[in-house]
Amino acid sequence: MSAREFDIYDVVGIGFGPSNLSLAVALDEFRVNGMGNVFSNIFFERRSSFAWHPSMLLPSATMQISFLKDLVTFRNPTSSFSFVAYLHESGRLPRFVNNQDFFPTREEFHQYLEWAQARVAHRVAYGSEARSLRLPAGVGPERADRLCLQVADAASGTSRMVEARNVVISTGLVPTMPTGVERGERVWHSSEFLERFRRTSPARIRRVAVVGAGQSAAEITRFLYDELPHAEVSAIIPSYGYCVADDTPFANEVFDPEAIDDYYYATERTREALWRYHSNTNYSVVDDSVIRDLYRRSYEDDLRDVGRLRFLRLTRVAGVRSVGAQTRVSLRAGIDGDLRDLDVDVLVCATGYAAMEPTGLLGDLDQYCLRDEAGRYRIERDYRIVTAPEMQCGIYLQGGTEHTHGLSSSLLSNIAVRSGEIIDSIVARSAERTAPCAVLAEA
Ligand code: FDA
Ligand code: NAP
């Protein structure tokens, strides 16, 4: 999509990963099942085509969530956009069931997401980076019933303005590096892993280290060990050993739709307790099967007296510098925190992500977005940023709401229900307004 269809869109989505894809599908179903009218909508995605963490699509990596937590099922189990509908259309439903596995590969789930996005792609502008939001010229917050969004088009090198009654920001997690460590030709973050790996001659990687003890680190360590049979692979892990991701049934209930209310309406102390008890469902943890895969490889190394896979336990990266063709990693190791160096050809920092951060996009509008005592955005239960009361237009977040809505904020667990709740909110709030939100006839 490139042409502008409407002067003012009712809903503009920023970013088109699974969260806003789920919203696009929900808007589609709202049109079909709703009032015969449509909320005009458009989505802007900076990538040139759909992709979901493409540099981590490692062979055999599996989903960390049941396939039933797809784009739609928890909101609308009869949707034609479900993972089961995709399997049916692909002719693989019986064989998928024979597998008796709730956790498909990331490759298969990616194909499902691509299949779903193809059906709504006419409402997505790819290669379009949202730059900043602002109020329309000459309009103060007291009369603001719409916002202006500047969008840069990668193909033409030009930018355009779009007006929106509501924006839904879903720009995803932000990769983090160890303090003081910069990315470079030989220092990669896990989020760019496959892209970098494919551009590097494998023969040139004889010593490689992977930093971190989360799912990304464990999957990349396993991949490098298998792909580079000539190389020494060092895993720099801050813990004694990898810790298992708790996906047992009671703990998994923290991701249920009802848990959002429990978190949202809890006291700050209860919220802290929820994080303390249950962050091991997601952060700095690894699936049991991947841990066992790595242990088995390490054991077989021992058996053959190869010593190709090394685990540097209780160790953190303190700094990195170039020494000739080598990358010298400064390690703070062991209980005493002794410093020592490790020379490698490539260092992969699987050191995680920070939460989605909309401040840059909000620009001058940020002054009308209210914050709590800790400086975090105040968010309504319906995922709308609490704005100066006179502002009628809505700024919704999909992601970046861990402090208000809990652990599932950055995950897929709740995207179907959340998208439905955002549409319900837009419908209810537009009905409340004296000047009703223009409901445009279907294009
Ligand atoms: P996501 O990051 O997917 O999409 C954001 C999009 O916004 C991107 O396409 C980006 O290009 C675009 N964008 C950013 N800035 C923009 C701008 N200014 N203008 C336009 N576009 C912009 N969770 C889970 O529940 N189960 C799982 O199995 C996994 N697996 C998993 C694997 C890996 C490798 C990672 C790193 C993470 C996961 N996750 C996960 C968590 C992950 O956050 C989740 O799966 C989704 O990616 C969340 O979808 P979003 O659409 O919110 O963000
Ligand atoms: P993560 O869970 O946040 O793990 C980051 C790791 O890096 C932690 O072990 C952290 O240790 C370590 N670390 C940070 N700084 C360090 C330093 N200076 N030295 C040594 N170690 C350091 O990040 P992730 O593994 O990328 O996972 C992020 C999300 O993506 C999760 O939701 C995960 O489930 C998901 N994911 C899913 C899949 C899949 O679906 N198959 C694959 C990969 C990732 P500390 O905790 O001690 O700081």
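Trainee: What is the area buried between domain 1 and domain 3, and how is buried area defined?

Mentor: The area is about 1,400 Å², and carbon and sulfur atoms give 60% of it. It is called buried because it is the accessible area (1.4 Å probe) that the two parts lose on being put together, summed over both. In domain 1, R381, T404 and L407 lose the most area to domain 3, together 42% of what that side buries. The model is predicted: local features need pLDDT of at least 70 and side-chain atom pairs pLDDT 80 or more, while totals for chains, interfaces and linings use all residues. Residues are numbered from 1 along each chain as its sequence is written, chains are lettered from A and ligands numbered from 1 in the order in which they are written, and side-chain values use heavy atoms, without hydrogens and water.

Trainee: Which residues make up domain 1 and domain 3?

Mentor: Domain 1 covers 8-173 + 355-442, and domain 3 covers 249-281; such bounds come from an automatic or database domain assignment. The contact (heavy atoms within 4.5 Å) takes 18 residues from domain 1 and 15 residues from domain 3.

Trainee: What makes the pair D261 and R381 a salt bridge?

Mentor: A salt bridge needs a side-chain nitrogen of Lys or Arg within 4 Å of a carboxyl oxygen of Asp or Glu. The closest N and O atoms of D261 and R381 are 2.7 Å apart, so the pair meets that limit. Between domain 1 and domain 3 the count is two salt bridges.
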